[in-house]
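Colleague: I'd like to learn how to read strands, helices and cores in a model. Could you walk me through a case?

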Amino acid sequence: MTTTQTSTTQTSTSPAITTSAITTPDSEAPVSAPTAIADPTGTGTWPTRRHDLLRLATAGSVDDGKSTLVGRLLYDTKSVLADQLDAVERVSRERGLDAADLALLTDGLRAEREQGITIDVAYRYFSTATRSYVLADTPGHVQYTRNMVTGASTAELALILIDARHGVVEQTRRHLAVTGLLGVRHIAVAVNKMDLVDWDQDRFDAIVAEFAHHASRFGIEDVVAVPVSALFGDNVVDRSDRAPWYIGPTLLEHLEAVPVGTDPSAQPLRVPVQYVIRPQRGESRDYRGYAGRLASGVVRPGDEVVVLPAGSRSRIAGIDRSGPDGRLEQLDVAFAPQSVVLRLTDDVDVSRGDLIAAADEPGLVTRSLSGTVAVVDDRPLRRRDRVLLRVGTRTVRAIVDDVVDQLDIETMEQRAAPDGLALNAIGRVRIRLAEDVAIDDYRSLRRTGAFLLIDENDGSTLAAGMADAPDRSVGEGI
Amino acid sequence: MRAAHMTTTAARALPAHYTLDHLDHLESEAVHIFREVAGEFERPVILFSGGKDSVVMVHLALKAFAPAPLPFTLLHVDTGHNFPEVLRYRDETVERLGVRLVVAHVQDYIDDGRLRERADGTRNPLQTVPLLDAIEANRFDAVFGGGRRDEEKARAKERVFSLRDSFGAWDPRRQRPELWDLYNGKHAPGEHVRVFPLSNWTELDVWRYIEREGIELPDLYYAHEREVFARDGMWLSAGEWGGPKPSEEVQTRQVRYRTVGDMSCTGAVDSSATDVAGVIVELAGSRLTERGATRADDRMSEAAMEDRKKQGYF
């Protein structure tokens, strides 16, 4: 492509997001046609098919257009309503901008607007006929690791932005490191600002190849890259004709197609017990059920289970759930991530903090563990610190026996951490516990391998932790 | 020509019998949150106004603990300008469930001079002090609110477990990061935690869930004839609270409410939706957000909600 073609492209096509397009009174085009969020049947009987949920987290560097891309996704899926657009348009005009700054849709706090930066993770919601999306929008610079870890902890897909002019930069490698560490299974790469590199296929291919090289180091299962221009809307929701060489999906088409969830039947049962239900009244006087959300696996009446850390064995007598009218329904099967009540055949001792697990694959009960932590508080994490450790529904006292090393996020090398781990640092620790806990390898079972370290005094969350496999010795690479 | 896939993935669709619909996801998440609070706190309370979000909260909480009764108290901050039909619904619900309801009255504070009526007659901002007093007097340590992140951009930054100091203040810059579904409810004496089980729900999700579960709401959520007058581009209900002014003309229109709150600042919208399905069709075509369409107090400034939240508002 030549420079001439580029300038033609830019002058002949108005970006969809212009002040006039947004503010035209009663203009039907930009905001009103609710095809994407509306009842596709037009009858109000939606959903006629299973409408699922995808949680994703964005990751971008400063000025790579992340807020614009998120704004574009919301806008082109008709998820932004007229009063929100009016507000954005008004503020944009007050600031002397000719086009609405879609970043204003996502910066919610006064300090963010005043400083023109994003401080905290914000959650965005959009929806199509196929899926509902919960998008954790994480800021690219301030408190980078802390926010990205937070956003990625619940995400099934990470949306990583790369500026086509700059390619894979240090920040991109950080995004990959956090994404890999947190076990996010899918990555969508938006190679943005393609309009500024003449929609150059070689440029795109080179970026994709370099990204793939780094991604392979982190064991990411699934990566899809899309050339986009968030500003002009190319390949975000609607297909662009500016890159005929690209035959893959648009960004939204990919989000619509990526498989959500993990097959629960491929993982062993884990149910952290939240609460013991004992009505002690009326006809349910003798009822005793264990309320919890399946962290992984599938359960059926008759299944043999073990209650950890005690190790008592029993069988599932029944699986209960309340119906809309408040009556109990008995289920033939329950699977992650359903919230249910389990009844057991034996009168074993079960309380909040216990874990009901598959008897044939129960996981490890231990008083010491090693794992990787990301420090999310101003207070650094040091050797000999006394903290609380929370895993599943269990909280126990713990001592940081050792800070083994710190991951240097610039070089991806491990180095010594004699002063402990400061805010936003990632490193490996060994922890001793006051009581037994059941914990899994985070990389196999995310929900029961994740832990928090909590300040005993003020209750602050100090670090997000991911437990190693029990047989992993300290000294291996992350 | 090439596709974008860098790695051919083993990504395959899940067996259909092991997948959840998005409302099931949201329900399971909310039930999990209610149970976490019941397990970690001594004296939780649900803010219950009779509004649709609080009705859905109570429905979810009942499901979370069945067949045991609801392990929470309910709390309502009555502005003195609440819709009578909503108060009636509130009292019927409390009666039916046999739960304890604590009511804090803004009017009491105005009567004895602790609060002063605002020039604009709006009482929503006046709820904060009675709310905080009720929390302190009853030593509530966890307070469930029906706030959703899709409502407003300051709320988009709210945590599911939101720590408040003894003044009830929200400091957005000192929020605890919320990781996985490991909610950290630790707090010091005098502090409390606001809990938002509907954080990830949208307005449309709430209505689809109401439809699916057959949940009953106060009648004013559906189209009905009402005497209204226009103020600030909204239809306000004529009533004892002080409207209309002599210059404001009262007319009868077919309207419904998208939110219910203080009558002085909650507007109705023109509507022909007489049932849940009708509301869902209207919402899907709506061009305005719930708060933009119906809440005068959120239009005051760009940071109106953020400022109220910092002072201890819901």
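Modeller: Happy to, and keep in mind that this is a predicted model. Let's begin with strand pairing in chain B: strand E9 (residues 251-257) pairs with strand E10 (residues 268-270) in the antiparallel sense, over 3 bridges.

Colleague: Which residue is the bridge partner of Arg256(B) in E10(B)?

Modeller: That is Val269(B). E9(B) is also joined to strand E7 (residues 224-231) of chain B by 5 bridges, and these two strands run antiparallel. There, Val228(B) stands opposite Gln251(B).

Colleague: In what order do the strands of the open sheet in chain A lie?

Modeller: The order of the 6 strands is E2-E3-E1-E4-E5-E6, with mixed pairing. Strand E2 (122-127) and strand E6 (222-227) of chain A are the edge strands, each pairing on one side only. On average, neighbouring strands of this sheet are turned by 25° against each other, direction ignored.

Colleague: How many bridges link E5(A) and E6(A), and in which sense do they pair?

Modeller: Strand E5 (residues 186-192) of chain A pairs with E6(A) in the parallel sense over 6 bridges. Ala190(A) has Val226(A) opposite it in E6(A). Helix H8 (residues 201-217) of chain A packs on the sheet and touches E4, E5 and E6 of chain A, its direction making about 160° with that of E6(A).

Colleague: And how do I read two packed helices?

Modeller: In general, two packed helices are described by the angle between their axes and the distance between the axes. Here, helix H6 (residues 144-153) and helix H7 (residues 170-181) of chain A pack at about 45°, with axes 10 Å apart. The two helices, H6(A) and H7(A), are therefore oblique to each other. Their crossing is right-handed. Among the residues making the contact are Met148(A) of H6(A) and Val178(A) of H7(A).

Colleague: Is Leu157(A) buried or exposed?

Modeller: Leu157(A), found in strand E4 (residues 157-163) of chain A, is buried, because 25 other C-beta atoms lie within 10 Å, and the cut-off for buried is 20 or more. Leaving out residues up to four places away in sequence, Leu157(A) touches several residues, including Leu54(A), Val184(A) and Val258(A). Leu157(A) and Val260(A) are 103 residues apart in sequence, yet 8.8 Å apart in space, C-alpha to C-alpha.

Colleague: What about the core?

Modeller: In soluble globular proteins, nonpolar side chains tend to be buried together. The largest nonpolar core here has 207 residues, and Ala158(A), Val191(A) and Ile46(B) are among those touching the most other members. Beyond four places away in sequence, Ile46(B) touches residues including Met57(B), Phe72(B) and Phe144(B).

Terms used: Residues are numbered from 1 along each chain as its sequence is written. Chains are lettered from A and ligands numbered from 1 in the order in which they are written. This is a predicted model: local features need pLDDT of at least 70, side-chain atom pairs count only at pLDDT 80 or more; totals for chains, interfaces and linings use all residues. A nonpolar core is a set of buried Ala, Val, Leu, Ile, Met, Phe, Trp, Tyr and Cys residues joined through C-beta atoms within 7 Å. A residue is buried if 20 or more other C-beta atoms lie within 10 Å of its own, exposed if 12 or fewer, and partly exposed in between; C-beta atoms are placed from the backbone. Two residues are in contact if their C-beta atoms, placed from the backbone, lie within 7 Å. Two strands pair if DSSP finds at least two bridges between them. Helices (H or I, at least four residues) and strands (E, at least two) are DSSP runs, numbered from the N terminus. Axes are lines fitted to C-alpha atoms, for helices over the stretch in contact, and angles run from 0 to 180 degrees between N-to-C directions. Angles under 35 degrees count as roughly parallel, over 145 as roughly antiparallel, 65 to 115 as roughly perpendicular and the rest as oblique. A crossing is left-handed if the near helix is turned anticlockwise from the far one by less than a right angle, and right-handed if clockwise.
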